[in-house]
Amino acid sequence: MNMFKIDGMTFEMEPSITKWGVEDLEDSPENHRWRATWAPGNGDDPICGIVLTAYPVIKRTRCGVWINCDGSRQSTKQPWEEGAPALEWVPFNEQWMKKRFVNDGSGQAWAKPTQEDALLSLAIRLCRWAQNAHWNMRRVQAAADVLEKLRPDWPSYPEAARSHLRGDFNYA
C-alpha cells in the first residue's frame, strides 16, 4: 500500500493498473498497440502501480506496424453534442511526432497488440531488471574488494560502496 501526503493529509492507495486518457479503449491491434510501464510512487514506495498506454497505428506493413509514440486523443464534439466526447487520435505530424516500428510476432516488440501482452512484457522486463541489479551488485562488491587491496589508503570508498549496497546511506 502506498502512502501519499497532500496538504497535511495522508492518503493510502492500493497499487492499480491505470489507462490514463485511454480508459475507453479495448484491444484493437489494427488501430493501436499497448505498452505497460511502472507508475512512479514517492518516498519509501518508488513504484505505486502500472500504467498501460496505447499508441495509434499510423501505417501497416506485412511484417508489423508503425506507431505514433507521441499519440494523443482529442475530442471531436462539444460536450453538449450527441455522442460527446467522441475521442479520436490526433493525426500524425512528422514535424514533431516520433514514430516507431513494431514487429508483429516479436517477443522484443516495444509495444504489444493486447493489454495482456503488454503486462506480460512488463513482467519479463522486471525479471531482466532484477538480473541486471544482481550483476551490478556483484560488480560493485568486486570493485570495492579490488580498490581496498590496491588503495588501502582510501578505506572510506569501499566501505561507502558496501554501505550503499545494504541501503545504508548514513555512513560516517
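## Aromatic pairs

Tyr157 is exposed, with a relative accessibility of 52%. That value counts as exposed because the class begins over 50%. This is a predicted model.

Three aromatic pairs are counted. In the pair of Trp154 and Tyr157, the ring centres lie 6.0 Å apart and the planes meet at 70°, so the pair is edge-to-face. Planes over 60 degrees apart take that label, and centres must lie within 6.5 Å for rings to pair. Trp154 is partly exposed, at 37% relative accessible area.

## Negative surface patch

Glu26, Asp27, Glu116 and Asp117 form a negative surface patch. Where does Glu26 sit? Glu26 lies in the loop between strand E3 (16–18) and strand E4 (32–42).

Is Glu26 buried or exposed? The relative accessible area of Glu26 is 57%, so this residue is exposed. Patch residues need over 30% relative accessible area and no salt bridge. Glu26 clears the area cut-off with its 57%.

## Helix H1

Helix H1 covers residues 115–150, and Leu126 is found there. Leu126 is partly exposed, with a relative accessible area of 37%. The partly exposed class lies between the buried limit of 20% and the exposed limit of 50%.

How far apart are the C-alpha atoms of Leu126 and Lys149? They are separated by 35 Å. Along the chain, Leu126 and Lys149 are 23 residues apart.

Methods. Residues numbered from 1 in each chain as written. Predicted model: local features only at pLDDT ≥ 70, side-chain atom pairs only at ≥ 80, totals over all residues. Heavy atoms only, no water. Patch = residues over 30% accessible without salt bridge, like charges linked within 9 Å, V, L, I, M, F, W, Y side chains within 5 Å. Areas by Shrake-Rupley, 256 points an atom, 1.4 Å probe, with all protein chains shown as cover. Salt bridge = Lys/Arg side-chain N within 4 Å of Asp/Glu carboxyl O. Lys, Arg positive; Asp, Glu negative; His and termini not counted. Charge placed at Lys NZ, Arg CZ, Asp CG, Glu CD. Helix = DSSP H or I, 4+ residues; strand = E, 2+ residues; numbered from the N terminus. Buried < 20%, exposed > 50% of the residue type's maximum accessible area, 1.4 Å probe, protein only. Phe/Tyr/Trp six-rings, centres within 6.5 Å; stacked < 30°, edge-to-face > 60°.
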